[in-house]
Amino acid sequence: MKRLKPYRFPLLLLASVVTGSVAGWFLGPQSAVLKPLGDIFLNLLFTVVVPLVFVTISSSIANMGTLKRLGRIMGTLLVVFTLTGIIASVVMLFSVQWFNPGEGVSVSLGEEKSPEEPLTLSEQIVQAVTAPDFKDLLSKENMLALILFAMLFGTAVSMSGESGKTVARGLAALSDVLVKLIGVIMWFAPVGLASYFASLVGEFGPSLVGSYLKAVAIYYPVAILYFLVFFSLYAWVAAGRTGFRKFWANIFPAAVTSLATGSSVASIPVNLEVSRKIGVPPDIREMVIPMGATIHMDGSCLSAILKISFLFGLFQMPFHDMEDFLTAILVAILSGMVMSGVPGGGFTGELLIVTLYGFPPEALPILAVLGTVVDPVATMVNSTGDTVAGMLVARFVEGKEWIRKKRENALA
């Protein structure tokens, strides 16, 4: 029983998901009556996200020993994010070569609203990294701008000498309080997740069949395989057997939360708590997790390759040349890392695919529907990938010393 103690809450969450799914299957559309309970849980997570991201990032930088360490963490973080995105893209490329989801698929288009005129690249960059007013920073819609502002604020505190130390201590204390608040909110998780899954299964379950079944049949197994195999490999690289065991002993709450809410941002609080339990240093996890929720999207890289392959098959175009593969990887990285920082980034990434390859405008709603179908698992891979990325960053910033500490904690 003592060995099962760390798994009690994950097992409770699993039981709530199964219970909610079964209830949604039997109740059908009537399960919508449970949706408000799920919305309450999701809104509580979203409400705490903005102050949590600002306080944790600014506190992490303000209390960092030197700005040189900040540079090491940021450099390592970007390398890890890019490499794991490339690996995810290559995995899906191999998969669609064996089984192209677009071949023989017939898609009927319903009425779609005409998309607004897309922003230019310079406008997208400005909108992604800044907000026009301070009040606009206080929104989950401008997460990348909030992160950059928090980094600047933390740097200013670090450079302010004695007066800055007072602010840094206050930020650290407020960060601890927000972490406790997350724990209080998670008491409601079993009820919230059960209700959310009941409404999702009741409303959308039957629609997961039809012309998109082939795409689902390839994406879900490949994404889950990537989650199980490659995240295990990353955890092993980060801290050996101890890292592997700690990752799988703690990751389930974050996986279930992201799967149920469909939001990496909503999963930031849970991922921070999971990273703390794994033992990722505070300054690293408080940088990697919020930034990862915005620009680290392994699941989106997987889905971008799937969407490209889907359209190539749908329009009877060959998808076998190395040039096509390299372009697809570049588009996947842009969709997963760059476009995700823009409000409505999912749509922007799909628009990038359509315009870059010269597909007709009718292809855009096709991708929008496909993106909706694969989004739950894609978000789960995106979100949990941030936690294992934090472990990798810790390994390369802290070196073997971090692994030694993990082993000592495991024996304690």
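Predicted model: local features only at pLDDT ≥ 70, side-chain atom pairs only at ≥ 80, totals over all residues.
Colleague: Which element has the highest mean pLDDT, and which the lowest?

Modeller: For background, the protein chain averages a pLDDT of 79, and 78% of the residues score at least 70. Among the elements, the highest mean is 91, for H11. At the other end, with a mean of 58, is helix H17, residues 400-411.

Colleague: Where does pLDDT stay under 50?

Modeller: One such stretch has 5 contacts beyond four places in sequence in the model, and that is residues 207-211. Another has 9 contacts of that kind, and that is residues 341-345.

Colleague: Let's go to the helix pairs. Are H3 and H9 oblique or roughly parallel to each other?

Modeller: H3 spans residues 67-98 and H9 spans residues 213-250, and their axes are 11 Å apart. The two pack at an angle of about 140 degrees. Roughly antiparallel would need an angle over 145. H3 and H9 are therefore oblique.

Colleague: What is the handedness of the crossing, and how do the contact residues divide?

Modeller: H3 passes H9 in a right-handed crossing. On the H3 side the contact includes Ile 87, Val 91 and Met 92, and on the H9 side it includes Tyr 219, Tyr 226 and Phe 230. The residues of this contact divide into 11 nonpolar, 2 polar and no charged.

Colleague: Is Gly 24 buried or exposed, and what does it touch?

Modeller: Gly 24 lies in helix H1, residues 8-27. Its relative accessibility is 0%, so Gly 24 counts as buried. Its C-alpha is separated by 8.6 Å from that of Ser 195, 171 residues apart along the chain. Leaving out residues up to four places away in sequence, Gly 24 touches Ser 31, Ala 198, Val 201 and Gly 202.

Colleague: How far is the C-alpha of Thr 56 from that of Leu 171?

Modeller: Thr 56 is found in helix H2, residues 35-62, and counts as buried because its relative accessibility is 1%. Beyond four places in sequence it touches Ser 175, Leu 272, Glu 286 and Pro 290; Leu 272 is one of the buried residues of H11. Thr 56 and Leu 171 are 115 residues apart along the chain, and their C-alpha atoms are separated by 7.7 Å.

Colleague: Last one, on the whole chain: what percentage of contacts between residues at least 6 apart join residues at least 24 apart?

Modeller: The protein chain has 17 helices and 0 strands. Of its 412 residues, 53% count as buried. As for contacts between residues at least 6 apart in sequence, the share joining residues at least 24 apart is 84%.

Notes. Residues numbered from 1 in each chain as written. Heavy atoms only, no water. Buried < 20%, exposed > 50% of the residue type's maximum accessible area, 1.4 Å probe, protein only. Helix = DSSP H or I, 4+ residues; strand = E, 2+ residues; numbered from the N terminus. Axes fitted to C-alpha atoms, helices over the stretch in contact; angles between N-to-C directions. Parallel < 35°, antiparallel > 145°, perpendicular 65-115°, else oblique. Left-handed = near helix turned anticlockwise from the far one by under 90°. Contact = heavy atoms within 4.5 Å. Nonpolar A, V, L, I, M, F, W, Y, C, P; charged D, E, K, R; others polar. pLDDT = per-residue confidence, 0-100.
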